[in-house]
Amino acid sequence: MASSSPNKLTTTNHLRHVESMASFPSGAGHISHLNAIILGESLASQEDDLVYPSHDFSRHALIPSPHKYLEMYKRSIEDPAGFWSDIALSEFYWKQRWGDQVYSENLDVNKGNIKIEWFKGGITNICYNCLDRNIDAGLGGKIALYWESNEPGFDANLTYSQLLHRVCQLANYLKSIGVRKGDAVVIYLPMLLELPITMLACARIGAVHSVVFAGFSSDSLAQRIVDCKPKVVITCNAVKRGPKTIHLKDIVDAALVESAKDGVSIDVCLTYENQSALKRESTKWQEGRDMWWQDVVPKYPTTCEVEWVDAEDPLFLLYTSGSTGKPKGVLHTTGGYMVYTATTFKYAFDYKESDIYWCTADCGWITGHSYVTYGPMLNGATVVLYEGAPNYPDSGRCWDIVDKYKVTIFYTAPTLVRSLMRDGDEYVTRYSRKSLRVLGSVGEPINPSAWRWFFNLVGGSSCPISDTWWQTETGGFMITPLPGAWPQKPGSATFPFFGVQPVIVDEKGNEIDGECSGYLCVKGSWPGAFRTLYGDHERYETTYFRPFPGYYFTGDGCSRDKDGYHWLTGRVDDVINVSGHRIGTAEVESALVSHPQCAEAAVVGVEHEVKGQGIYAFVTIVEGVSYSEELRKSLILAVRNQIGAFAAPDKIHWAPSLPKTRSGKIMRRILRKIASRQLDELGDTSTLAEPGVVDQLIALADR
């Protein structure tokens, strides 16, 4: 067990990989690299460009040089207890501080149960730190949230003081219906002001929120309700996304019927009337269970006592796809997550008090938790929320919003970058975008061509890009550029954040030194790490810690180049990363096989020019049924209905049968090659029970 004493076991190899970047000069001084460019002075155009911060940017940056980064990074690895204690005590309010032991960890399944604890015994509240603490510091009149409607011209905003009042009213309502510390609350809301309000209200009273992305189907919502058994479900009647109206309350109604069949009945469904999308008289209603938000919440007082919680008390549950059909309930606790998300936000975006920050992510995903709600507000930031589609009414909407609110930090997904890139430069250049200072990328590796377009056109070659690698499970950034500290390489996540020890291992779990490729693992814990999978600690250990004992296994592949830069190469397990949304292949296969005319299905990921990865499904249909376009559409609809539109297969490939070994295992390696048309790389097929299946699949590739 590690404790609060400095960790002297750190390998010299690990620090050497980080120290390799110290040879780069910071800022614009004395750069000799062949393809070196400096912010604001030239375009990024080569695969091997080094993009340096300008001297002026570095001079004002929180981390202004490789030397400063290395000094802080070394301390964070050699004395994690001291490093994180200093931050926790100087920048956050604790009702009571923890004891002598700052953290406790065991990441080795061979040495007992996996356990990670940070600041245990410390008493705090994340809502208090987001709101009350900032108001006490004089930020009560500062705008906390700007809200932009799907329809141009409709907007709203809340100061920190106004936000606290709204949060307290909802918190008091929740207490009045019996929600107590430790109770779960399921939130199925779009990007309205009410979404972060609800998250913060739950945190204020110690309830555990579980936000479900408002694009999930009723079946997926019901699964999550059954798993966490909430006291209340909070939703709105409908939302407009682009020109389309989505009836969220109808989806919730169907989910509550399904969950009741599994023995989980919900007594209260609090529904916000989103008038721009649907009037209340057009909303289906169940008397006694359904309550209108506007009818009850505003009646409650605008002050609410804080429920002080232990640092290791649960904060939220967020369900993420796994390589088996059942979603995993990732559990994050309060104290370590609070310290880690705030610190990563501050340094990775070089946050200044005058910044206006916009993250395009939905709070239904981890990015919306850590970098729309908690991370920014813990820093007293002004955050832009956007309800609608990023290309509505046209592909210039993002830059219209940037200009309207004078956004300085813009954080989005490579999928959106590629989509806007495809729509043409004119949608970008018609707007000023002069306010932009820092850009960010999240959800999947950004390919170098999209990186350069984002940098050159959107940022005018003057904004560094924080290309962040992290996961739902990690809580916050793990490998990311620090904008003023060192040069960037288009497409590389660069170097680890403070306290993070990434290692690349081979199949046997041996650490690989120097320039290499392999499996990305993390050695040692960090404050933002998830603590378990809700109700299934065994699955937590098996999935993340058993593959390579002693390490957290990320499930991602990674390369490290000669300069020590990290390049993420995508998932190595059966999870597909579609537009930054992790979707388990088993989940999609299960939805397909539920169709009465589908006998078997195998799903793989393929490259997609916009989404990063697309879903490619091989489907064997029931004997006697004919291939048809109607059946193809019906199969896709089955997935949309069970999981959500974002999980719909891009391609249905008819398969008389699937390539299997003699033991019955599907050879997905071969399916991936067929899907990506790499037919000369199929490899050895002699181990298949029926090698002729491969030729059949190739013949049916374009049907």
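Author: In this predicted model, isoleucine 504 stands opposite leucine 520 in strand 24. Local features need pLDDT of at least 70 and side-chain atom pairs count only at pLDDT 80 or more, whereas totals for chains, interfaces and linings use all residues. Residues are numbered from 1 along each chain as its sequence is written, and side-chain values use heavy atoms, with hydrogens and water left out.

Reader: What makes strand 23 and strand 24 a pair?

Author: Strands are DSSP runs of E with at least two residues, helices being runs of H or I with at least four, both numbered from the N terminus. Two strands pair if DSSP finds at least two bridges between them; strand 23 and strand 24 (residues 516-523) have four bridges, in the antiparallel sense, and therefore pair.

Reader: Why is strand 23 called an edge strand?

Author: In the open sheet with the order 23-24-26-27 and antiparallel pairing, strand 23 (502-505) and strand 27 (566-571) each have a single partner strand, so one side of each is left without a neighbour in the sheet.

Reader: Which strands stand at the edges of the open sheet of seven strands?

Author: That sheet has the order 7-6-19-18-20-21-22, with mixed pairing, and its edge strands are strand 7 (155-159) and strand 22 (465-467), each pairing on one side only.
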